[in-house]
Amino acid sequence: MSLLILSLLLQVIRLPFFPLFIDVYYHLAVMLGFNQAGGYVTRAFWEAAPFGYPHFYPPLLHTVMLLLYKLGLSKIAIAKILDFLLYPSFLLAAWLIFRKVLSERFAFFALLVASSSYSFYLSFVNNPAASLALIICLCVFYCLARAKTIASAMLFGLSFYTHLGMGGLFAVVFFLYGLFNRENLKICLKIVSGGVIIALPLLLYLYHLKGSFTFYGAMENSLLEINLLIYIGAILGLSFFLKK
């Protein structure tokens, strides 16, 4: 709990610096486009004048932002709220879920690892859609552990409407989890299948427009960051553990 409180205090200190990255401004632009159109649209008319182009990004995050905007919050306030809340929300969700599903010890070390990586923190804060989808998928894991198949499938489908990459990644995660825990394989397959069926309208829409976009290899995907202090500490801790 002290790690959660410390993380929240650090977020409060950093609040004047939010938002940290330009990604949230793209989401704000989409939100304003939805606002002007009166709801979700499949053509990004606010970009590539005069006609725009097909809008590919899943709409859940932008819908949440639009609700905040309709409540009277300013654009910069919405951006600050996303940067401020997502990371502590993830830490809280991870701690609560792993503590109930696995053990308090596992939850503590998961929290320690997640809160000690600054690069993970930056990635989490700077990519709100993927971060929100990750939190949703953690909730799927909780429902899976409680054998709540329908709730798991619905949440998993919702993750696709938040971030397609994270949904696809966790489809593999749940499948592998089922393989290593054969008693859960059947429910894992149901969750993945149900989630994909729920996401089918969006997936079919993207497939129909597959000729309108291409995949681009982002530079960050080919970079590797190694913090020597962390690895030195891990080696010392491992040697101490083995001696005991």
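A: Happy to! Please keep in mind that this is a predicted model. Helix H1 gives the largest share of the lining of the second largest pocket, with 6 residues. The space inside this pocket comes to about 230 Å³. In total 13 residues line the pocket, and the closest to its centre are Ser7, Leu10, Tyr87, Ser115 and Tyr121. Sorted by class, the lining holds 7 nonpolar, 5 polar and 1 charged residues.

Now for the helix pair. Two packed helices are described by the angle between their axes and the distance between the axes. For helix H7 (residues 128-145) and helix H8 (residues 149-160), the angle is about 165° and the axes are 9 Å apart. Angles over 145 degrees count as roughly antiparallel, so H7 is roughly antiparallel to H8. The crossing of H7 with H8 is left-handed.

Which residues meet here? On the H7 side they are Ala133, Ile136, Cys137, Cys139, Val140, Cys143 and Leu144, and on the H8 side they are Ala151, Ser152, Leu155, Phe156, Leu158 and Ser159. This contact of H7 with H8 is made up of 11 nonpolar and 2 polar residues, with no charged ones.

Methods: Residues are numbered from 1 along each chain as its sequence is written. This is a predicted model: local features need pLDDT of at least 70, side-chain atom pairs count only at pLDDT 80 or more; totals for chains, interfaces and linings use all residues. Side-chain values use heavy atoms; hydrogens and water are left out. On a 1 Å grid over the protein atoms alone, a cavity is a set of points where a 1.4 Å probe fits but cannot get out, and a pocket is an open set with protein on both sides within 12 Å along at least five of seven lines; lining residues have an atom within 4 Å of a point. Grid points are joined across faces, edges and corners, and a volume is the space filled by probe spheres set on the points. Helices (H or I, at least four residues) and strands (E, at least two) are DSSP runs, numbered from the N terminus. Ala, Val, Leu, Ile, Met, Phe, Trp, Tyr, Cys and Pro count as nonpolar, Asp, Glu, Lys and Arg as charged, and the others, Gly among them, as polar. Axes are lines fitted to C-alpha atoms, for helices over the stretch in contact, and angles run from 0 to 180 degrees between N-to-C directions. Angles under 35 degrees count as roughly parallel, over 145 as roughly antiparallel, 65 to 115 as roughly perpendicular and the rest as oblique. A crossing is left-handed if the near helix is turned anticlockwise from the far one by less than a right angle, and right-handed if clockwise. Contact means heavy atoms within 4.5 Å.
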